[in-house]
Amino acid sequence: MSANLTQYTPLHLVNSNVDLALPTRFTFPYYYTPHPTCELAMLQLQQSLTDCGVNETSQGNLYAVLLVQNPTTQELGYLSAFSGLQLDPALIYQLNNINFVPPAFDSEKFQSQNSANLALQLQLENDIKKLQQSHNLDTLLVELEELKVESAQAIESFQLAMAANKAQRNELREQANHEKALGNQELASNLLKQLGNQSSQEKRDLKGLRIEWKQKIAERQSQVDAIESELKNRKQGYQVISAQLETQRLSHYHFINQAKQSKSLLELLDGKDALEGSGDCCLPKLLNFAFECGLKPLALSEFWWGQPPKSQIRQHGNLYPVCQSKSFEILDHQLIGIELEDNPLIVNPAIGKSFDIVYEDKEIVVVNKPDEFLSVPGKFIEDSIYTRIKARYPNATGPLIIHRLDMSTSGLLILALTAESNKHIQKQFIDRTVVKRYTALLEGEIDGKSGDISLPLRGDITDRPRQLVCHKHGRNAETYWEAVSSNNGKTKVHLYPKTGRTHQLRVHCAHPLGLGLPIRGDDLYGYKRERLHLHAGYLKLIHPTTGEWMEFEVPSEF
């Protein structure tokens with residue numbers, strides 16, 4: 001190990017004219033406030049990005065700094081990294097002068113050891129495309145469906161004509177029977193024979209028509225089957241090769257800890273599927289380089305820089321935690337033996353807090369939930385509105401909880417004390433007859449007085465519990481809003497959710513296609529503050545036993 005940190009190309013010295021305090025424990029990566037010295041390093045990287053012409057209008061990305069120290073010389077510096085295997089092509093040239101740590105993926109070794117399979121994968125991929133295009137499979141499938149429709153229509157039309165002819169023959173048979181009664185036996189016999197022949201011929205014609213269309217459909221189906229069979233074989237081969245390459249890819253990601261113990265991503269995941277981006281997050285790369293160089297990790301700070309993706313909500317220059325979904329197994333290995341700050345996620349924020357009972361009778365109870373108070377027990381914290389109400393009403397039946405508020409949201413929460421009432425009110429929520437009004441304080445001023453927001457939402461499986469706007473797979477989410485007042489560059493609004501999706505109001509406020517302004521204090525979609533300024537202040541519903549409308553209102557504290 002070199003005695004001078006500046007010999008490590010990706011390392012930068014922290015610029016300061018004062019003595020810098022050092023962290024005593026490493027940053028808890030999934031929820032943190034950056035250490036002041038690490039924040040100073042982060043500001044230096046942000047200035048470097050700005051000097052390179054990368055700003056809030058540039059292609060956005062997550063960046064991070066890792067504050068490190070040389071244990072021998074006590075020299076202090078920081079390493080920097082970006083999220084992803086490589087930068088966006090538009091940024092590579094601009095950021096060429098910023099020395100980021102290398103990825104944990106050995107791309108050259110992977111390419112050389114798997115060149116044959118990579119070539120075969122590409123060949124199969126091209127073969128599949130050529131088969132689909134050259135044989136016009138999509139066109140054949142459309143034509144096949146059209147033939148089936150035409151066949152059904154032709155047969156139905158013929159059967160309708162047969163029915164009409166049969167009705168006519170029935171009338172003629174009555175005439176034949178009349179002639180027979182008059183003694184015209186030969187005339188009647190010839191007429192009945194003719195009618196019988198017509199009926200038999202029509203049945204033969206219908207059978208022939210069915211056979212004709214069946215043959216046409218079978219011929220086209222045979223063409224489709226032959227192409228699809230060939231495609232199936234190619235796709236199966238592609239899947240086999242892709243699975244082999246994925247195993248090899250994961251085995252070429254290597255992560256070490258301070259004891260220099262190395263494990264591949266394949267070993268760390270131990271059979272779990274790798275989420276997109278696993279192994280390419282900032283902190284694993286930063287720790288890898290620090291440990292390889294014998295540097296001591298002190299603190300982390302991660303931030304977004306540039307424009308947000310279309311589906312996600314990221315704020316330029318804002319701090320973000322490490323993505324637990326993509327990095328947990330890796331960091332669980334890398335941070336062995338490193339003392340972390342206390343995990344704030346297991347600290348009960350409701351300690352010392354109480355809540356007001358707004359209304360109660362034998363059927364329901366309505367409470368005013370404080371902010372930072374769980375509606376139901378969480379993974380680490382049992383204390384919640386549910387547990388306290390259960391203790392207050394030990395003889396209550398049913399599940400109590402009908403709806404929930406996010407831990408950070410304050411306001412009205414209704415619970416049912418009987419199973420029947422729970423079912424009755426739950427149906428009102430399902431039928432969307434319950435009137436809910438939220439009050440929110442937005443970080444900025446908006447144009448207009450009111451409007452509707454319709455942005456479909458789905459969970460981000462790579463970064464839970466964040467939600468994405470997704471027009472392809474998202475669930476419908478609608479919100480009506482009204483501006484209430486504007487003061488000191490902030491806007492108070494009333495929000496009326498027509499649907500009840502996770503984080504619906506927070507996303508609809510923050511997303512550019514919504515109101516374009518995050519709710520004040522929103523640590524997921526905006527900026528962390530003293531609290532989330534979102535309050536469920538009004539609730540109107542029908543009482544489960546009296547059948548009367550009931551209204552509850554508690555004003556917000558902001």
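This is a predicted model: local features need pLDDT of at least 70, side-chain atom pairs count only at pLDDT 80 or more; totals for chains, interfaces and linings use all residues.
Residues are numbered from 1 along each chain as its sequence is written, and side-chain values use heavy atoms, with hydrogens and water left out.

Visitor: How many aromatic pairs does a search of the whole structure find?
Guide: Rings of Phe, Tyr and Trp (its six-membered ring) pair if their centres lie within 6.5 Å. Searching the whole structure gives a count of 12.

Visitor: Which geometry do the rings of Phe-28 and Tyr-30 adopt: stacked, tilted or edge-to-face?
Guide: Planes under 30 degrees apart count as stacked, over 60 as edge-to-face and the rest as tilted. The ring centres of Phe-28 and Tyr-30 are 5.6 Å apart and the planes meet at 85°, so the pair is edge-to-face.

Visitor: Is Phe-110 buried or exposed?
Guide: Phe-110 and Phe-105 have ring centres 5.4 Å apart and planes at 55°, so they form a tilted pair. Buried means under 20% relative accessible area, exposed over 50%, partly exposed in between (1.4 Å probe, protein chains only). Phe-110 has 7% relative accessibility and is therefore buried.

Visitor: Which residue lies over the face of Phe-82?
Guide: Phe-82 belongs to an aromatic cluster with Tyr-63, Phe-100, Phe-303 and Trp-305. A charge sits over a ring if NZ of Lys or CZ of Arg is within 6 Å of the ring centre and within 35 degrees of the ring normal. At 4.4 Å from the ring centre of Phe-82, the residue is Lys-285.
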